[in-house]
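Grab a pencil and let's work through a few exercises on charged side chains. Try each task yourself before you read its solution.

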Amino acid sequence: MISRVCWVSGATLALLTVASACLGAESGYGPHRGSLGGLLGVSQTFADGDYSFARDARGNFGSRDARPRFAFSGNFRYVINPWLRWQVSPGFFWAGYDQKSPMPFIDPNYPNEQNKKSVLTLVMPISAQLQLTRAIGGWIYHAGGGPGVYRVWVENRRKVLKDPVSKKLHRGFYPGASVQLGAEHFLKSLPSTAIEVSAAGHWTFADRPEQFPSGFNSALLATELRVGANYYFDVSRFSKPKRPGAPAAK
């Protein structure tokens, strides 16, 4: 899974390079322009329940045991006007855990496992946002948010966890929301290409008590810090040109 994500991230960055070479340098940011982008970074899970915290012997949640891990996101943007744009962004982030953190329940596949050292929580979001933008001193700053669909699954030793009570595999699609803050700076040599630094937060409603009563059943809050690049282009160049002399449609 991780190798596949690395391949996708590399392919996205390669796509940006090829697009820049094939389409040529254009004027950078502006209304009615689209962009393709890719960003790499790190993620940290902050809440909630077994997704982020260790349980004590009584089943109460104690200290945070989630560890920062790799994150990747791609995006497609469309600039509506100088201060507003929309974005669709698929991505991937995950969380590992402290080796001293006990398992919340016995994994039927590995009943001798006593801790979460081999457990991973993996999340694939597809988010949609409206973003406010403002140009200041050669940088374009943005802030935005919107709804999303999140695929969440939990693995132990690369096998999806099975709840010992419901016998359900711990995976599914959940609704959620995301927010994002960031800034872009366009390159002088490639005026259609911008380097971006951004931070994002994801809130996922990943609780299903009827399916996962034994654990890993709560909302999930994660943040990302990312850096990457975006390539802006004229969307109208992809529209089908009219044939010269063709009669107007009635």
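**Exercise 1.** Which side chain meets Asp50 in a salt bridge?

*Solution.* Start with the ground rules. This is a predicted model, where local features need pLDDT of at least 70, side-chain atom pairs count only at pLDDT 80 or more, and totals for chains, interfaces and linings use all residues. Residues are numbered from 1 along each chain as its sequence is written, and side-chain values use heavy atoms, with hydrogens and water left out.

Next, the rule: a salt bridge needs a side-chain nitrogen of Lys or Arg within 4 Å of a carboxyl oxygen of Asp or Glu. Asp50 finds its partner in Arg55, at 2.8 Å from N to O.

**Exercise 2.** Is Asp50 buried or exposed?

*Solution.* Here are the cut-offs: buried means under 20% relative accessible area, exposed over 50%, and partly exposed in between (1.4 Å probe, protein chains only). Asp50 has 3%, so call it buried. Arg55 has 22%, so that one is partly exposed.

**Exercise 3.** Which parts does the salt bridge between Arg67 and Asp98 tie together?

*Solution.* First, the pair itself: Arg67 and Asp98 meet at 2.8 Å, N to O. Now place them: Arg67 sits in strand E4 (residues 66-67), while Asp98 is in the loop between strand E6 (84-97) and strand E7 (119-136), so the linked parts are 31 residues apart in sequence. Strands here are DSSP runs of at least two residues, numbered from the N terminus.

**Exercise 4.** How many salt bridges does the rule give?

*Solution.* The count is eight. Among the residues involved, Arg77, Arg85, Glu184 and Glu196 are linked in a network.

Notes
Helix = DSSP H or I, 4+ residues; strand = E, 2+ residues; numbered from the N terminus.
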